[in-house]
Each structure stands twice: as structure tokens, then as C-alpha cells.
Amino acid sequence: MPILMLRVTQLWRQIMDNELAHHGLSQAKWRTLAILALHPDGMIQSELADELGIEGPSLVAMLDRLSKDNWVERKHCSTDRRCKIIHLTQHAWPLIDEIRKSSEKIYERTIARVDGVPISQVEAFFIELRERLYENLPEKKRHVRAEARQANGSVGVEEAGVKTQG
């Protein structure tokens, strides 16, 4: 099952890459923007790296490019000056809407057409699975995630879709 989930994720990303190619977005860029869109109040840089599954230095380079294109901005955390909070800029929200629309089109062509189990049950399964997997992370990783969420006031990423700003 883990290999199957990995392959489904890879296929989804390939289809999204094709769908968003006209925007000139790499997978790394659209994924970063999509995850940030789920956190309109911003994310701690280390938690964003963790959500993307990349190391900090790789994220810094990505954020430099996104910042140069005016998609994101870095702000110092009010409780810890060493910590940076990453926010989408106002300029990014129309692009987020395009990413969301592309995701919805793919959803309608694929996931919505799968018969058998109601989507709400599948979503509930993956949310519970995600929490169980978080619980089984090494102690150090769990500690870092909890601190990052507490400092940023967030409760975690909901992968169901990209929300637009409020």
C-alpha cells in the first residue's frame, strides 16, 4: 500500500505539472505555494521544509526564487527572532486560484469518478493515517513539529485542497 500511495502521488504531481506548465511553475514552486496557501497566516520556515520533505538549504534557495518573483515574503517571528515565517504575497493569490482550479479539474477527471467508497471516508482515512504516521516519527521530529505548530499557532496541513484567501 505505501508504494501504491507513493505512485498515486507521483502521478498526481505529473498531471499537475502538465496542467500548470503554462505558468512556468516547477513542481517545487507550485507545491510550495499550494502548501503556503493552506496557511494564510504563514508557516515557520522549518515546518514548511518538513511539509515539502526537503532540507532547509534547499528550501532557502526555493524561497529566494519565489521571493524574487514576489510570490512570498519572509517575516521574523514575533516570539523568536531566529525564526522566519513565510507568507504568500497579495500578488500570489490569483496564482493560487489558478492552482486550485487546475487541481479541481484533475479531481473531477480522476478522484471524483472513482466508485466504491465515499470520498469523505477516504479523506477521513488519510487524515487519520497522517496523524498515526506523525505519532510514529522519531521523537526528535515529533518535538520539532509540535514546537513549530505551537509557535506559529497552526494545527497542521490539511491536504484536501488549496483554500483561497479569505
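Among contacts in the chain between residues at least 6 apart in sequence, what percentage join residues at least 24 apart? The value is 60%, where contact means heavy atoms within 4.5 Å.

The structure is a predicted model, in which local features need pLDDT of at least 70 and side-chain atom pairs count only at pLDDT 80 or more, while totals for chains, interfaces and linings use all residues. Residues are numbered from 1 along each chain as its sequence is written, and side-chain values use heavy atoms, with hydrogens and water left out.

The chain contains seven helices and three strands. Both kinds of element are DSSP runs numbered from the N terminus, with helices (H or I) of at least four residues and strands (E) of at least two. Their order from the N terminus on is α-α-β-α-α-β-β-α-α-α. Of the 166 residues in the chain, 34% are buried. Buried denotes a relative accessible area under 20%, exposed one over 50%, and partly exposed a value in between (1.4 Å probe, protein chains only).

The three strands make up an open sheet with the order S1-S3-S2 and antiparallel pairing. Strands S1 (43-44) and S2 (72-76) stand at the edges; each has a single partner strand, so one side of each is left without a neighbour in the sheet. Strands of a sheet pair through backbone hydrogen bonds, either parallel or antiparallel. Here two strands are taken to pair if DSSP finds at least two bridges between them. Two bridges link S1 with strand S3 (residues 84-88) in the antiparallel sense, and Ile-44 has Ile-85 in S3 as its bridge partner. S2 and S3 also run antiparallel and are joined by five bridges. Lys-75 stands opposite Ile-85 in S3. Four of the five residues of S3 are buried, and the strand is thus described as mostly covered.

Axes are lines fitted to C-alpha atoms, for helices over the stretch in contact, and angles between N-to-C directions run from 0 to 180 degrees. Helix H4 (residues 56-68) lies across S2 and S3 and runs at about 115 degrees to S2.

Ser-67 is placed in helix H4 and is partly exposed, at 31% relative accessibility. With neighbours within four places in sequence left aside, Ser-67 is in contact with Val-72 and Arg-74. The C-alpha atoms of Ser-67 and Thr-89 are 9.0 Å apart in space, with the two residues 22 apart in sequence. The loop between H4 and S2 includes Asn-70. Asn-70 is not a glycine, yet has a positive phi of about 65 degrees. Most residues other than glycine have a negative phi. The relative accessible area of Asn-70 is 39%, which means that this residue counts as partly exposed.

The axes of helix H1 (residues 2-20) and H2 come within 10 Å and cross at roughly 95 degrees. H1 and H2 are therefore roughly perpendicular to each other. Under the angle classes applied, values under 35 degrees count as roughly parallel, over 145 as roughly antiparallel, 65 to 115 as roughly perpendicular and the rest as oblique. On the H1 side, Arg-13, Met-16, Asp-17 and Leu-20 meet Gln-27, Trp-30 and Arg-31 of H2. The residues of this contact divide into three nonpolar, one polar and three charged. In this grouping Ala, Val, Leu, Ile, Met, Phe, Trp, Tyr, Cys and Pro are nonpolar, Asp, Glu, Lys and Arg are charged, and the others, Gly among them, are polar.

Ile-99 belongs to helix H5 (residues 93-109) and counts as buried, at 1% relative accessibility. Apart from neighbours within four places in sequence, the contacts of Ile-99 are with Met-16, Leu-20, Leu-25, Trp-30, Leu-33 and Ala-34. Ile-99 and Leu-20 are 79 residues apart in sequence, with a C-alpha to C-alpha distance of 7.2 Å.

One aromatic pair is present in the structure. This pair is formed by Phe-125 and Phe-126 and is edge-to-face, at 5.1 Å centre to centre and 75 degrees between the planes. Rings of Phe, Tyr and Trp (its six-membered ring) pair if their centres lie within 6.5 Å; planes under 30 degrees apart count as stacked, over 60 as edge-to-face and the rest as tilted. Phe-125 is partly exposed at 38% relative accessibility, and Phe-126 is partly exposed with a relative accessible area of 38%.
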